[in-house]
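Q: Please take a close look at the interface between the two chains. What builds the contact, and which residues lie at the centre of the nonpolar core?

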Amino acid sequence: MYIFSKIENNKNGDIMEKKLYQKLVMEHRPDEKRGQNAVIAFLIGGTVGVIGELLIEFYSYYLELSRADASIFMIITLIFLASLCTALGFFDKWVKFAKCGLIIPITGFAHSMTSAAIEYKKEGFVTGLGANMFKLAGTVILYGVVSAYIFGFIRLIVMGGA
Amino acid sequence: MIYIYSFLFAGFISMIGQLILDNTKLTPGHITSLFVIIGSALDIFNIYDKIVTYVGGGALVPITSFGHLLIHGGMVGASQSGFIGLAMGMFDLTASGITSAIFFSFIFSLFFRPKD
């Protein structure tokens with residue numbers, strides 16, 4: 001519909017108004033699909049959370065790490081697995097199925113970076129891969145740092161550090 | 001018991017993201033940015049810290065923990081060297097995640113081709 005709204009000469013009258021088209025789309029969109037998506041996202045996201053907890057327990061038990069170190073190991077493991085699965089080509093299908101169940105966990109961060117890196121490699125290593133790798137992950141880092149700086153300032157003033 | 005809490009918390013966050021994605025025009029990029037901001041906002045009064053001790057790994061997996069770890073690292077730096085420490089320690093805890101994501105992405109992009 002974005003393409004349609006850009007066309008100016010509508011001689012045949014087959015280009016709809018944007019609002020009318022939106023109304024038609026909303027009427028024909030199946031409602032039960034949304035509930036199904038939410039349930040799938042809940043189940044997959046929860047499973048990833050349990051895997052994270054299991055990995056923390058595993059690392060802190062077998063490698064005798066503290067819980068803080070084990071959680072860093074867990075995050076690295078999940079990032080590694082997500083990057084590998086993206087590179088092998090089947091993570092895209094999983095994301096298409098689970099949507100936010102895999103985008104909201106840290107796996108989505110790794111997925112966006114690896115898929116951008118592989119996608120833009122053919123345009124060159126500096127102008128392609130280097131310039132486009134952070135296209136999606138960059139917003140996360142940018143808004144994370146800005147908000148953490150502002151809220152950190154507030155926390156320092158209100159609570160005096162700690 | 002901690003596994004059930006992990007499942008419920010991580011699933012709940014993902015479900016909220018999915019509901020926002022389905023019912024508004026926001027893209028996944030908007031949603032992840034929003035969740036990072038929420039994660040660091042919850043840490044102003046130590047709320048996310050309490051969730052992490054209660055829920056465990058389930059609270060560290062969603063992207064909200066990225067904001068939590070950023071502000072947490074900043075606070076550790078600030079307790080050592082004041083306001084400038086906030087910037088010095090900001091990436092201390094997330095550095096491992098960002099570094100490994102960059103490294104693995106680059107290495108895998110050398111060996112694999114895009115699949116359609």
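A: A nonpolar core is a set of buried Ala, Val, Leu, Ile, Met, Phe, Trp, Tyr and Cys residues joined through side-chain atoms within 4.5 Å, where buried means under 20% relative accessible area (1.4 Å probe, protein chains only). In this predicted model, local features need pLDDT of at least 70 and side-chain atom pairs count only at pLDDT 80 or more, whereas totals for chains, interfaces and linings use all residues. Residues are numbered from 1 along each chain as its sequence is written, chains are lettered from A in the order in which they are written, and side-chain values use heavy atoms, without hydrogens and water.

The largest nonpolar core has 56 residues, and those with the most contacts inside it are M74(A), I79(A), F109(A), I63(B) and F66(B). Helix α4 of chain A (residues 67-88; helices are DSSP runs of H or I, at least four residues) gives the most to this core, with 8 residues. Leaving aside neighbours within four places in sequence, I63(B) is in contact (heavy atoms within 4.5 Å) with residues including I104(A), F109(A), V140(A) and F35(B).

The contact between the chains takes 68 residues from chain B and 70 residues from chain A. Carbon and sulfur atoms give 78% of the buried area of about 6000 Å², which is the accessible area (1.4 Å probe) that the two parts lose on being put together, summed over both. The rule finds 1 salt bridge across the interface, a side-chain nitrogen of Lys or Arg within 4 Å of a carboxyl oxygen of Asp or Glu; D43(B) and R155(A) form a salt bridge at 3.9 Å, N to O. On chain B, α1(B) supplies the largest share of the side that touches chain A, 17 residues.

Methods: Helix = DSSP H or I, 4+ residues; strand = E, 2+ residues; numbered from the N terminus. Buried < 20%, exposed > 50% of the residue type's maximum accessible area, 1.4 Å probe, protein only.
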